[in-house]
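This briefing covers a predicted model of a protein.

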Amino acid sequence: MSEPKPLLLMSRLDVERIESLLETPAAQNVDTSALEAELERATIVEPAQMPPDVITMNSTARFLDETSGEERELTLVFPRDADGSAEKVSILAPVGSALLGLHVGDSIEWPLPGGRTIRLRVLSIRYQPEAAGELHR
């Protein structure tokens, strides 16, 4: 039996933009069911109410892949901003979908293509637009 999923907190602006993205051709060739389920179960707050320890769109976060033991730092971006660099991950990628809405210290198990799963734990957030007083582009 898997453990309960951590509570998710998402900004209203992020949710609106992700829901619009899910209706575009870019999202049609990707399995977005896990991301859609996360949007459904998230608590939604206004961007100004977002605590600084939560991963939002365009946040840069450090996390541990508990499956491999590898630590990584990534910026969570919309597909148009994913330039193929190792520092950015699209919200439509499994790791991107898994990280959105998590608090520092949270762990989540997430399905990967091919039937595997990954377990991620958020270590820190180096940058979050809401905490920096910026709205998303």
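The lining of the largest pocket comprises ten nonpolar, three polar and one charged residues. In total, 14 residues line this pocket, and its space amounts to about 190 Å³. The model is predicted, and the values that follow are computed from it.

**Largest pocket**

- D31, A34, P94, W110 and P111 are the lining residues that lie nearest the centre of the pocket.
- At least two lining residues come from each of α3 (33–41), α4 (94–99) and β6.
- The largest share of the lining, three residues, is supplied by α3.
- P111, one of the residues nearest the pocket centre, has T117 in β7 as its bridge partner.

**Strand pairing around β7**

- β7 (residues 117–127) pairs with β3 (residues 60–65) in the antiparallel sense, over six bridges.
- Within this pairing of β3 and β7, F63 has V122 as its bridge partner.
- β6 (residues 107–111) also pairs with β7 in the antiparallel sense, here over five bridges.
- S107 stands opposite R121 of β7.
- Five residues separate the strands in the hairpin of β6 and β7, where G114 adopts a positive phi near 85 degrees.
- In a regular strand, side chains alternate between the two faces of the sheet.

**Nonpolar core**

- The largest nonpolar core contains 32 residues, and I18, I91, V95, L99 and L120 have the most contacts inside it.
- Two or more residues of this core come from each of α1 (12–22), α3, β3, β4 (70–77), α4, β6 and β7.
- Leaving out residues up to four places away in sequence, L120 touches F63, L64 and D65, then V95, A98 and L99, and also D106, S107 and I108.

**Helix α1**

- The buried residues of α1 are L13, D14, V15, I18, L21 and L22.
- These buried residues pack against β1 (9–11), α2, α3 and β2.
- I18, buried in α1, is also among the residues with the most contacts inside the largest nonpolar core.
- An α-helix has 3.6 residues a turn, so residues three or four places apart point the same way.

- N58 lies in the loop between β2 (43–45) and β3, and its phi is near 70 degrees, a positive value in a residue other than glycine.
- Most residues other than glycine have a negative phi.
- N58 counts as buried because its relative accessibility of 13% falls under 20%.

Notes
Residues numbered from 1 in each chain as written. Predicted model: local features only at pLDDT ≥ 70, side-chain atom pairs only at ≥ 80, totals over all residues. Heavy atoms only, no water. Pairing = 2+ DSSP bridges. Helix = DSSP H or I, 4+ residues; strand = E, 2+ residues; numbered from the N terminus. 1 Å grid on protein atoms, 1.4 Å probe; cavity = no way out; pocket = protein on both sides within 12 Å on 5 of 7 lines; lining within 4 Å. Points joined across faces, edges and corners; volume = space filled by probe spheres on them. Nonpolar A, V, L, I, M, F, W, Y, C, P; charged D, E, K, R; others polar. Buried < 20%, exposed > 50% of the residue type's maximum accessible area, 1.4 Å probe, protein only. Core = buried A, V, L, I, M, F, W, Y, C linked by side-chain atoms within 4.5 Å. Contact = heavy atoms within 4.5 Å.
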